[in-house]
Amino acid sequence: MTRRRWLTLAGAAPGLLVGQDKPPVFPGKRPMLVHNDFPEDLETPVEYFTTWLTPNDAFFVRQHLPRPRVTAESYKLEIGGIVSQPVTLTLADLRRLPQHTVPATLECAGNGRANYRPKLPGLQWTKGAIGNAEWRGPRVRDVLARAGVASGAAYIDCDGADVGVAKTPDFIRSIPLRKAQHDSTIVALEMNGAPLPELHGSPARLIVPGWDGASWVKWLTRMTVSAQPDGGFYMNPAYRMPKNPVAPGTAARPEDMVVLEGMAVKSFFVMPAAGAKMPAGAPVALSGVAWAGEERIVRVEVSTDGGSRWSDARLGREDFHFAWRLWNFDWKPARPGAHILCSRATDSAGRVQPIEPDWNPSGYLWNAVDRVGVVVEG
Amino acid sequence: MIAPFLLLLLAADPAVLEKGKAEEKRSCLPCHGLRIVQVQRLSRATWERELDKMVRWGAVIKEREALMEYLVANFGDDKPAPAPPLSGDGRK
């Protein structure tokens with residue numbers, strides 16, 4: 001490690017080298033659940049999810065590698081590979097292309113990993129490695145057109161300005177051309193109407209609606225059009241799922257592991273919080289969020305008796321492909337005592353949240369029926 | 001092959017655990033914070049695989065046995081998982 005790298009590390013993580021007693025502070029963020037100080041891995045506390053758009057200061061952060069410093073002035077996006085003419089675009093070039101706003105939910109593939117048994121290595125996310133934002137920028141299709149995608153192209157290998165420490169592999173993700181050229185796949189320059197924050201990949205990141213967060217490459221600096229997906233660690237073996245479920249605690253054969261793309265159908269409670277107390281006979285507003293990757297949410301059901309009987313929740317008015325939906329349910333608890341509240345979403349492909357998802361060797365796509373225990377006081 | 005009771009003796013030795021804790025700082029901190037290590041609860045076999053991966057990724061581990069004993073003693077899969085702490089307010 002060079003002296004400069006050490007200085008960068010120390011500068012990026014004040015307090016890290018002098019112990020962890022004082023809670024760390026992250027620029028621009030409200031108090032967040034800290035899974036790692038450096039690089040930053042921050043989970044959104046569930047009680048922050050009270051609005052359809054998750055504010056930037058509450059949005060979860062997952063970094064694989066130390067955060068690079070990229071300025072708007074120095075930013076360049078290189079487009080090469082199987083193209084008519086390789087080009088290098090500046091931020092101004094990206095701003096000159098038609099701009100599109102895409103509301104989309106971003107979720108880490110490992111959100112909920114803490115629930116799998118046997119336990120798995122990796123970040124022990126509970127519920128909050130997810131958020132919903134309005135992203136704005138040019139379509140990837142229009143960006144690629146500046147270089148001209150030539151015949152034989154099948155993937156776009158996307159690389160950010162972050163680089164591996166020591167021998168850690170560089171973070172490169174390959175997006176199939178059909179998804180890269182979708183209307184809603186954009187290079188975001190803005191998040192919820194503000195310039196993309198540094199922690200979220202400023203000045204430009206990929207938005208791949210409905211797909212796992214790993215595909216949404218931050219600090220995007222290179223797109224290489226290719227015939228085959230990149231062969232690096234973050235395409236294989238990382239971010240893959242067994243084609244068919246395996247017994248918990250066992251491995252699948254490498255040839256049976258497939259690249260993770262669209263996310264699962266899922267819902268969870270925002271209110272009430274686990275362990276909340278409420279009086280019997282008074283109305284209680286139950287609410288939460290639901291999303292379904294590339295599909296649409298068509299139904300959310302709630303059970304107030306641990307899953308014996310289910311009733312439809314009301315879906316929120318914001319209804320966009322790729323963005324989560326709010327839902328709510330009015331409950332008037334009659335009987336005092338402990339109650340298990342459950343939520344279960346169904347999507348446009350007919351997928352329904354399971355009681356428990358299939359265990360998988362990396363702990364991806366946890367989407368069990370959500371359960372929250374509350375106490376009704378008589 | 002090391003007899004299991006020898007491993008137990010190693011694990012019980014506070015000096016070994018101290019050495020492992022120092023090794024964690026020395027070999028992990030150059031690349032990442034320690035919290036991501038300490039929030040996990042893994043079996044001995046899984047910790048071994050994690051260390052193998054980190055060595056492939058450039059970690060220079062000098063006291064591997066002590067590090068392993070420290071990890072298993074403090075962050076084994078028989079221990080309850082800690083709740084992640086809240087960060088300070090960074091909006092100001």
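Welcome! A:Asn192 sits in the loop of chain A that runs between strand S11 (190-191) and strand S12 (194-195); strands here are DSSP runs of E with at least two residues, numbered from the N terminus. This is a predicted model in which local features need pLDDT of at least 70, side-chain atom pairs count only at pLDDT 80 or more, and totals for chains, interfaces and linings use all residues. Residues are numbered from 1 along each chain as its sequence is written, chains are lettered from A and ligands numbered from 1 in the order in which they are written, and side-chain values use heavy atoms, leaving out hydrogens and water.

**Positive phi angles**

- A:Asn192 is not a glycine, yet its phi is positive, at about 50 degrees.
- With 24% relative accessibility, A:Asn192 counts as partly exposed (from 20% to 50% relative accessible area, with a 1.4 Å probe and protein chains only; buried is under 20%, exposed over 50%).
- A:Tyr239, not a glycine either, has a positive phi of about 55 degrees.
- You can find A:Tyr239 in the chain A loop between strand S14 (220-226) and strand S15 (240-242).
- A:Tyr239 is buried, and its relative accessible area is 7%.

**Cis peptide bonds**

- The bond from A:Arg117 to A:Pro118 is a cis peptide bond, with omega near -5 degrees.
- A:Pro118 belongs to the loop that links strand S6 (99-107) and strand S7 (130-138) of chain A.
- A:Met271 and A:Pro272 are joined by a cis peptide bond, where omega is about 0 degrees.
- Look for A:Pro272 in the loop of chain A between strand S17 (266-271) and strand S18 (277-279).

Methods
Helices (H or I, at least four residues) and strands (E, at least two) are DSSP runs, numbered from the N terminus.
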